[in-house]
Amino acid sequence: MPGTAIRRVVLLVAASLLLTACSSTDVSAYRDRQPQFVPEEFFRGPLTAHGILKDRSGRVTRTFNAQLKGSWNNGEGLLEERFVFDDGEVQFRDWRLVPTGADSAGVRTFSGTAGDVIGPAKVRVSGNAMFIRYTLQVPWKGDTIEVDVDDRMYLVSDRVLINESSLSKWGFNVGEIVLTIIRGQQP
């Protein structure tokens, strides 16, 4: 009987740890954080971005700089991005953001689309934060692979947004992107 009780305790602790490891902070937790992030204001006009790409072990494998230009027309946003990587590769992405309302917690929601994004991205904004979840087609060894992306952006001043992106495949971490977006500058 004591062995059964110990097994139950071990299983309960293991299940608790697993659930804790799988849980994630919701964007609504940032509801009262300042400055308030308003995509229609921040993503308007010229922006620059500077970042790193890490592999699953945390080693930096690439760096990049980007020029971005945001505009809004009839409530819909367009964010044009041009990335230049340290190896000379250039990538382009045009994000389209369409407001879809707000949920019961007051979180603003948008649908996001881009040419290399599969299906609509789920965009949620609250307080100083914007979280985006989507599946991205990534060039890989002459082909493309699909990678799940969890973008978490935090406005730290009226001109600076910090973005950390977790990259996963089949639920396993494959990398991370860390970048800073600065409003009102072109390199």
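Where is the place of Val 84? Val 84 sits in strand S3, which covers residues 76–85. A word on how to read that: residues are numbered from 1 along each chain as its sequence is written. This is a predicted model, in which local features need pLDDT of at least 70, side-chain atom pairs count only at pLDDT 80 or more, and totals for chains, interfaces and linings use all residues, while side-chain values use heavy atoms, with hydrogens and water left out. Strands here are DSSP runs of E of at least two residues, helices are runs of H or I of at least four, and both are numbered from the N terminus.

Now the overall layout. The protein has two helices and 10 strands. Along the sequence the pattern reads α-α-β-β-β-β-β-β-β-β-β-β. The 10 strands close into a barrel, in the order S1-S2-S3-S4-S5-S6-S7-S8-S9-S10, with antiparallel pairing. On average, neighbouring strands of this sheet are turned by 25 degrees against each other, direction ignored. For that angle, axes are lines fitted to C-alpha atoms, for helices over the stretch in contact, and angles run from 0 to 180 degrees between N-to-C directions.

Which strands does S10 pair with? One partner is strand S9, residues 160–169, which pairs with S10, residues 172–183, in the antiparallel sense over 10 bridges. The other is strand S1, residues 45–55, antiparallel to S10 over nine bridges. Two strands are called paired if DSSP finds at least two bridges between them. To find these pairs on your display, look for Ile 162, whose bridge partner in S10 is Thr 180, and for Ala 49, which stands opposite Ile 181 in S10. Lys 169 has Phe 172 in S10 as its bridge partner.

Next, the surface. The accessible surface of the protein comes to about 11300 Å², and 56% of it belongs to carbon and sulfur atoms. Areas come from the Shrake-Rupley method with a 1.4 Å probe, and for residues only the protein chains shown count as cover. Of the 187 residues, 35% are buried. Buried means under 20% relative accessible area, exposed means over 50%, and partly exposed is in between, with a 1.4 Å probe and protein chains only.

Back to Val 84, which is partly exposed at 31% relative accessible area. Together with Val 90 and Phe 92, Val 84 makes a nonpolar surface patch of about 260 Å². Patches take residues with over 30% relative accessible area and no salt bridge; like charges are joined within 9 Å, and nonpolar side chains (Val, Leu, Ile, Met, Phe, Trp, Tyr) within 5 Å.

Is Val 117 buried or exposed? Val 117 counts as buried, because its relative accessibility is 10%. Val 117 lies in strand S6, residues 117–126. Beyond neighbours within four places in sequence, Val 117 is in contact with Trp 95, Tyr 134, Thr 135 and Leu 136; contact means heavy atoms within 4.5 Å. Leu 136 is 19 residues from Val 117 in sequence, and their C-alpha atoms are 4.6 Å apart.

On to charges. The whole structure has 10 salt bridges, each being a side-chain nitrogen of Lys or Arg within 4 Å of a carboxyl oxygen of Asp or Glu. One of them joins Glu 81 and Arg 93, with the closest N and O atoms 3.7 Å apart. This pair links distant parts of the chain, from Glu 81 in strand S3 to Arg 93 in strand S4 (residues 90–102), 12 residues apart. Both Glu 81 and Arg 93 are buried. Arg 152 and Asp 150 also meet in a salt bridge, 3.2 Å from N to O, and both are buried. Asp 26, Asp 103 and Arg 124 are linked in a network of salt bridges.

Last, the backbone. The peptide bond from Gln 34 to Pro 35 is cis, with omega near -5 degrees, and Pro 35 lies in the loop between helix H1 (2–22) and helix H2 (39–42). S9 and S10 form a hairpin with two residues between them, and Trp 170 in the turn has a positive phi of about 55 degrees. Trp 170 is exposed, with a relative accessible area of 73%. Asn 74 has a positive phi near 55 degrees, in a residue other than glycine, and lies in the loop between strand S2 (60–73) and S3.
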